[in-house]
Structure formats: C-alpha cells, structure tokens
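The sequence and structure are shown first.

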Amino acid sequence: MSDDQMTSRMSRHGNDSKKSSSGPSKSVKKNKKPKKKKTMGGIILRIFIGLFLIACVAFIAGVGVFWYYAKDAPELSFDKLDDTVSSKIYDNQGNLLQDLGANKREKFSADEMPQVLIDAIVSVEDRRFYNHPGVDPIRIAGALVSNVSGSSSGLQGGSTLTQQLIKLSFFSTDVSDQTLARKIQEAWMAYQLEQQISKQEIITYYSNKVFMSNNYYGMKTAAKKYYGEDALNNLTIAQAATLAGIPQAPSDYNPYLNPEGTKERRDIVLLTMKNNEKITEAEYQQAVATPVEEGLLPMESTTPEDVHKQKVIDPYLKQVIIETEEKYNKNVYTDGLEIHTNLDYAAQEKLYDMVNTDEYVAFPDDEMQVGATVVDVNTGNVVAQIGGRHIAEDVTYGLNLAVNTGRDFGSTVKPITDYAPAIEFLNYSTGKIIRDEPFKFKSSGFDVNNDDRSYLYDITMRTALYYSRNVPAAKLFEEVGKDQVSGFLRGLGIEYSQIQDANAYSSNTAVQDDTKYGASSEKMAAAYAAFANGGTYYKPSYISEIVYQDGSRSVNPDTGTKAMEETTAYMITDMLKDVFTLGTGAQAQIWNLNHAGKTGTSNYTEDELANLTVPYAYGAVPDSNFVGYTKYYSLAIWTGYNDKQHPILSNGQNVAMHLYREYMEYLSENTENEDWEMPNGLTQIRGELYLKGYENQGNYSPSSSVSSSTTETSETDSSETTSESTTTEEPSSSSGGSSSSSSTTEPSSSEEPVPEPTPDPEPEPEPVPEPIIE
C-alpha cells in the first residue's frame with residue numbers, strides 16, 4: 001500500500017497524525033454530549049416553587065394549630081359581655097366583704113355615646129376599627145415589628161378593640177396568661193362576635209366594661225364621678241381623651257393620685273386623635289394646654305358605715321390583693337374573681353376596736369402604733385390583722401405595720417433562734433445548766449451583757465428563758481452555730497440576709513428586701529404557731545380559695561412542713577408557760593387559760609438617745625412586743641411609733657402585753673381550754689423535761705471565752721433580777737438608755753417589764769442595722 005493510500009485510509013478513520021499525538025482520551029471526550037447551562041430563570045422558578053411549597057405547608061400547619069386551639073374557645077355569651085369584671089371578696093363564713101365595682105357602674109346604650117369619646121377611644125386603641133373583621137393583621141404585624149425592634153411608641157398594641165372586649169369578658173388579663181393558645185382563641189371569638197353585632201355595639205360594650213380606677217367601671221360611671229351628673233353628653237375633647245386613656249393602666253392613670261401620669265397619657269390620646277384627623281391642630285393645642293384637674297370633681301366620699309368597714313378590713317384586703325397577684329398571678333380589678341379569704345370578720349372588727357379605742361387598753365396617746373397578726377396554728381390561716389392605729393380616711397392600702405420587717409422584735413426571737421435549736425440539735429433539756437456570766441462571742445469578739453449588768457451564775461435553761469437573760473441565749477446561739485440556726489429559722493419562715501451574732505436576741509437585719517428579711521408580727525405569729533401545733537410550720541395565708549370566671553378553682557392546700565421535733569415544740573411551750581407566772585410576762589397572764597408566750601423590747605444607742613424627739617426620764621425604748629399562743633391561735637403584737645426617734649415611755653411599755661391579754665381572752669371564749677400533752681420521747685424529772693437517753697443533762701455549758709470579774713448571784717437570788725435585755729457592748733462604745741428593774745418571783749400586775757436595749761452593730765462581717773421605717 002502506497003503512502004498516499006495509507007494516509008487516505010487513516011484520514012477516513014479519523015486518525016491523522018495530529019490527533020493521534022494528543023492521545024486516545026480526547027477521542028473519548030469528544031464522543032460525550034455537552035452539559036446544558038442553568039439559566040437564571042430556571043433558578044428563580046425552582047426557588048419560587050420551593051417557597052410556595054413551604055408556604056403551603058406552613059399555611060396548612062398554621063390552620064391546624066389555629067383550629068387546634070380555637071376549637072376550645074369558650075362560647076360567646078352576651079351576659080358575660082355585659083357583666084362587670086369586678087372581684088367579690090368573702091370572709092371565712094362566706095359573707096361578702098367587698099365587691100370591687102358593685103353599684104359603681106352606670107351603663108349607657110349605643111345612641112348615648114358621644115362622638116368625641118368614640119373618636120378618642122378608636123384613635124388610641126384601634127384606628128382601623130371600622131375596617132377589620134375583628135382581627136387586624138396590619139396592627140399585629142406593626143406591633144410585632146415594634147416589639148422586636150424596640151421602637152414602639154406605646155400608642156398601640158396588637159389587639160383590636162373587639163379582642164380587648166373578648167379578653168375582658170372571657171379571659172384573664174394577666175400578662176402570664178397571654179399565651180399563643182389564648183391569643184388564637186381571642187382572635188377567633190373576636191371574628192365570631194363581629195359577624196353577630198355591629199361596630200357601635202362592640203364599642204359600647206367595651207366602654208361599659210372597662211375598669212376606670214377608683215373602683216369605677218364603665219366610662220359613663222367615670223364621666224359622672226369625675227366630671228359631673230351630665231358629663232357624658234358634655235365631655236370636652238380633653239376630658240374624653242382622659243377617659244379613653246385610663247383603661248390601659250387604671251392605677252397609673254388615676255387623675256386624683258397621679259395627675260402627671262394621667263396628663264401624659266391624655267396627651268398621647270390627643271396626639272392620636274390629631275393624627276387620625278379627628279381633631280384639628282388648633283383643637284389639639286388647646287386640649288393639651290388644659291390642666292388635667294380642670295373640671296375634675298373632688299374625690300367621692302362614702303357613707304360612715306362604708307368608711308368604717310373599709311378601715312376595719314383595709315390591711316387584710318391589701319394582703320389579699322398581694323397574695324392574689326404573687327401566688328395566683330391574677331388581678332382582682334380585671335379578672336372577675338370570687339375570692340374566699342380566711343378572715344374572721346368578727347375577730348377582725350374586735351381587734352380594730354381594741355387598738356383604735358381606749359375601751360380595752362390604755363394607750364399613752366393617739367400616735368402610738370400597733371401591728372398585730374392572728375394565725376390559726378393548725379393551718380397557717382391569717383384570721384385577723386391590724387396594720388396601724390387611727391389611719392386617715394383618705395388612706396387606702398397604706399403601710400401595713402403587721403408585715404413590716406423594719407422594727408426589732410427583740411427577745412421574742414430567743415425561743416426560735418437560741419432555745420429551740422439547742423434542744424433540736426444539741427439534745428438539751430429544760431434543766432440544762434448554763435452559766436450566766438460576762439461573755440464574748442468567739443467569732444466577732446462581740447461583748448454580751450445582761451441589761452441589769454449583773455449575772456445569775458448557774459441557772460437552768462428554763463430560768464434563763466423566762467427571765468430572758470442575754471448571756472445564756474448568746475451562748476446557746478454560739479454552741480449551735482450560725483449555719484444550723486439559719487437553717488432552723490428558714491424552716492419557720494424567718495430569714496436574714498446574713499445572720500449576725502446579735503441576732504441571738506434581735507431581729508435587726510442589714511437588708512430588708514421588702515419583707516423578705518427580718519421579723520414582723522405576721523412572721524412571728526406563724527413561727528410560734530409551730531410550737532403550738534407540735535412542730536409544723538405553715539406559711540401565713542390570707543386566701544382559702546379562688547373561683548375563676550370559667551368555674552375553675554384554685555384551693556390553698558393548707559400543707560405544712562416539719563420545722564422541728566414534737567418534743568422540741570413541747571419543751572419550748574412548757575418553758576414559755578412560766579413567762580406568765582415566774583418571768584417577764586406577768587401582765588399578759590390570763591388565769592385559767594393554757595397558753596405560752598414571750599416578751600420582747602429593743603433599746604436605743606447612746607447617739608439615738610441624744611436625738612430623741614420626746615423628753616424622757618427613764619426607760620425610753622423604740623419597740624415593745626409580745627408573742628403568745630394557745631392550741632388554737634398564735635398572736636404576735638408590735639407596738640411603737642412610726643418615727644423611731646419618738647420613744648415608748650414607761651406609760652406605754654406594757655401596751656403589747658395588755659393588748660395580748662385582752663384579745664387572746666376574747667379569741668379563747670369559744671374554744672376549749674385545751675392543754676398540750678407531753679409526747680413520747682420525753683421524761684420529766686423534778687419538774688424539768690429531758691429527752692429520753694439524755695437524762696444526765698446537768699453539766700455546764702461552755703463558759704465565756706473571756707475571763708473577767710463577775711457579780712455572782714446564786715439562783716435563789718434570781719428573783720431580784722428578772723429584767724429581759726438585749727444590751728450588748730462593743731470594745732469602742734457602749735449602748736445605753738435603759739436602767740435595770742426588778743420583780744419578784746411572782747410579779748404583781750402593776751409592775752412593768754424592763755425594756756431590752758437594741759444591740760449595737762457588730763464590727764464584722766456585716767453591721768446590724770438600725771430599724772428602718774418606710
């Protein structure tokens with residue numbers, strides 16, 4: 001074959017020399033089909049399809065979720081739309097104490113509602129009210145964006161007027177209840193309502209429903225009470241804006257109590273009216289310049305009977321409102337609750353009369369104050385409570401001295417801080433011998449002395465308690481240790497921010513944190529109740545049951561926790577009985593009644609004595625207290641003055657004991673005079689109580705870590721020094737202000753207890769503060 005023929009043949013098979021040199025792989029690639037390039041249109045189409053599918057799935061899921069919650073929504077009831085949402089509060093016998101809103105709502109029909117008020121309400125609450133079917137998606141989206149961005153002007157939320165009406169009529173208004181399920185149900189019911197009644201009827205229902213502060217419901221009621229009999233038909237633009245702004249926060253926008261806040265809210269309403277073209281610029285400027293007090297009538301007064309009843313139950317109702325909010329997360333003004341309390345109204349009225357008249361107890365003057373709490377020892381139910389004397393008629397829900405922890409309960413803390421822990425943790429007996437001598441705390445170097453600056457040397461724990469000696473209490477406190485004492489006190493509802501040595505005989509605390517730390521009559525009554533019932537602590541409770549609008553209920557379970565052994569509670573009770581017959585509480589004695597109790601007073605520092613507002617000759621003290629109990633009731637009483645620098649003089653230092661005697665005698669009239677039975681686990685030897693297995697508790701407690709000369713007095717001479725004390729000394733200064741006094745083994749009724757000085761602050765780690773009066 002010639003060369004030309006060979007070349008021709010190779011050419012026909014595609015194997016020329018150039019292609020051959022590039023290798024066989026290129027020949028294979030040439031045989032594959034080229035890939036198609038993706039176009040932008042195709043990509044967009046795929047994204048659109050994907051988003052559409054996601055949207056479909058989300059829509060179906062959303063519909064499913066919506067229907068899942070919406071199907072459980074309450075049925076529409078026009079009776080509920082028409083009712084007020086006030087709460088009814090009852091005593092423990094089911095008698096109505098107060099109806100928040102009863103007889104304080106005057107309804108009006110749709111044709112009575114003035115246009116200026118409609119314009120104000122719609123502008124600030126729901127400016128697209130006439131254009132949506134009950135739910136406003138634009139409003140919801142706007143509220144969502146504002147909440148996320150934090151740029152909300154505060155003018156509008158996500159709910160329409162229709163939804164707000166539904167919420168007021170069928171649901172709780174508490175923020176914690178605004179769940180997804182609840183919002184869906186509101187929306188569904190709002191849509192249904194819009195299909196059945198007109199917009200004018202909806203806004204009329206809303207205006208008749210809302211809470212308008214000062215226990216008024218409905219805008220016609222508020223217009224009449226605030227501006228006059230025919231005010232609704234003659235409202236000015238400024239007045240209409242004021243009324244329209246109140247429902248958002250009735251307590252904050254009370255024109256009597258907070259005119260500045262009311263004006264700020266009113267001006268926001270006026271701005272929305274201008275922006276919504278309901279008023280002109282000139283009208284806006286004129287209304288904004290109008291004082292919020294213009295045309296406002298004086299606050300309405302009530303009948304003498306209403307005033308008296310309000311004053312009788314005022315401190316108790318305040319605690320009911322607080323417990324409703326804190327424990328049940330409900331609002332008594334907007335949630336339409338039926339609240340059954342633990343209040344014994346007859347006992348409450350009796351206590352009120354005792355502290356506000358001189359018929360039962362001789363008070364030194366009208367300025368002296370009282371904080372007192374009565375607790376059912378077997379449930380923790382607060383039966384009655386007084387938060388002050390001679391409270392002004394225009395003060396409602398003011399400072400409640402019964403729960404205030406700013407004052408010192410003095411030696412009444414010794415049974416719960418020193419003696420009960422010593423029995424509980426160290427197995428001490430009532431006959432335990434403790435050496436009463438000069439003493440210094442090891443941890444702080446804090447000197448402790450008795451008020452009379454003398455010592456009884458070797459005395460039993462029983463004697464130390466009913467004579468209220470300081471040194472034995474301090475020694476027991478140190479032996480038990482702060483950690484165990486703190487844990488024991490927490491089990492009785494008493495807590496300190498950081499317990500100090502001086503808390504062995506004082507309730508002063510460096511930090512109060514409202515009412516969390518320190519002692520109050522409420523806390524002390526509940527703590528002593530654990531002695532009365534055999535060792536169980538019940539947290540004080542004002543409410544027994546709440547019935548909600550839907551018929552569901554919340555019931556206080558009345559469950560307590562074990563705070564101490566029954567043997568401990570009995571031994572403390574047995575010793576505290578002697579306070580009346582042998583110790584400092586003779587003037588609180590009630591003959592033929594089985595009861596136990598403890599006195600307690602505080603004292604001034606030398607600096608405070610120099611600045612007292614009232615001249616004194618002897619024994620000026622800031623606080624005087626008594627806590628006592630039977631098998632049924634525990635009663636704690638604080639007396640003093642709002643101004644701590646106004647002292648209790650000798651003519652007022654027995655008031656707490658006298659009030660306890662008179663009131664506990666009244667409480668015990670309808671109960672059996674039942675005594676405590678000694679529980680198993682105790683042995684009685686020569687009048688003293690011993691835990692079984694610890695009958696040889698006759699040894700001495702550890703003596704002072706600092707030796708010094710003492711005034712040694714035998715126990716047989718102890719009847720000459722029965723004064724109780726909280727006097728302490730620091731190396732650099734000494735407290736003063738109280739002289740010693742004496743009483744016989746069985747003091748006469750005319751004798752007075754010797755007041756107890758308040759401990760000076762410890763040098764470390766935290767100074768014991770002086771009481772704070774809020």
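## Overall composition

The model is predicted. Its secondary structure amounts to 24 helices and 19 strands. The chain has 774 residues, of which 53% count as buried. Among contacts with a sequence separation of 6 or more, 75% are between residues 24 or more positions apart.

Helix 9 covers residues 180-196, 17 residues in total. From first to last C-alpha, helix 9 reaches 25 Å, close to the 24 Å expected at 1.5 Å a residue. The buried residues of helix 9 are Ile 184, Gln 185, Glu 186, Ala 187, Met 189, Ala 190, Leu 193 and Glu 194.

Helix 24, with 13 residues (655-667), should span 18 Å at 1.5 Å a residue, and the 18 Å between its end C-alpha atoms agrees with this. Its buried residues are Val 655, Ala 656, Met 657, Leu 659, Tyr 660, Tyr 663, Met 664 and Leu 667.

## Packing of helices

Two packed helices are described by the angle between their axes and the distance between the axes. Helix 17 (residues 414-426) packs with helix 21 (residues 521-533) at an angle of about 30°, and their axes are 11 Å apart. Since angles under 35 degrees count as roughly parallel, helix 17 is roughly parallel to helix 21. Helix 17 contributes Pro 415, Ile 416 and Ala 420 to the contact, while helix 21 contributes Met 524, Ala 527, Tyr 528 and Phe 531. By class, this contact of helix 17 with helix 21 has 7 nonpolar residues, no polar residues and no charged residues.

Helix 12 (residues 237-245) and helix 13 (residues 259-275) have axes that come within 8 Å and cross at roughly 110°. Because angles of 65 to 115 degrees count as roughly perpendicular, helix 12 and helix 13 are roughly perpendicular to each other. On the helix 12 side, the contact involves Ile 237, Ala 238, Ala 241, Thr 242, Ala 244 and Gly 245. These meet Thr 262, Arg 265, Arg 266, Val 269, Leu 270 and Met 273 of helix 13. The contact of helix 12 with helix 13 divides into 7 nonpolar, 3 polar and 2 charged residues.

In one of them, Asp 458 pairs with Arg 435, the closest N and O atoms being 3.2 Å apart. This pair links distant parts of the chain: Asp 458 is in strand 9 (residues 457-460) and Arg 435 is in strand 6 (residues 433-436), 23 residues apart. Both Asp 458 and Arg 435 are buried.

Lys 644 and Glu 608 form another salt bridge, with the closest N and O atoms 2.7 Å apart. Lys 644 lies in the loop between strand 16 (633-640) and helix 24, whereas Glu 608 lies in helix 23 (residues 606-609), so the pair ties together parts that are 36 residues apart in sequence. Lys 644 counts as buried at 7% relative accessibility, and Glu 608 is buried with a relative accessible area of 11%.

The side chains of Glu 674 and Lys 631 meet in a salt bridge at 3.6 Å, N to O. Glu 674 lies in the loop between helix 24 and strand 17 (682-685), and Lys 631 in the loop between strand 15 (623-629) and strand 16, so this pair ties together parts that are 43 residues apart in sequence. Glu 674 counts as partly exposed at 34% relative accessibility, and Lys 631 is partly exposed with a relative accessible area of 22%.

Not counting residues up to four places away in sequence, Lys 631 touches Val 377, Asn 378, Glu 674, Asp 675 and Trp 676. Elsewhere, a network of salt bridges links Arg 462, Asp 574, Asp 578 and Glu 688.

How values were computed
Residues numbered from 1 in each chain as written. Predicted model: local features only at pLDDT ≥ 70, side-chain atom pairs only at ≥ 80, totals over all residues. Heavy atoms only, no water. Helix = DSSP H or I, 4+ residues; strand = E, 2+ residues; numbered from the N terminus. Expected span 1.5 Å × (residues − 1). Buried < 20%, exposed > 50% of the residue type's maximum accessible area, 1.4 Å probe, protein only. Axes fitted to C-alpha atoms, helices over the stretch in contact; angles between N-to-C directions. Parallel < 35°, antiparallel > 145°, perpendicular 65-115°, else oblique. Contact = heavy atoms within 4.5 Å. Nonpolar A, V, L, I, M, F, W, Y, C, P; charged D, E, K, R; others polar. Salt bridge = Lys/Arg side-chain N within 4 Å of Asp/Glu carboxyl O.
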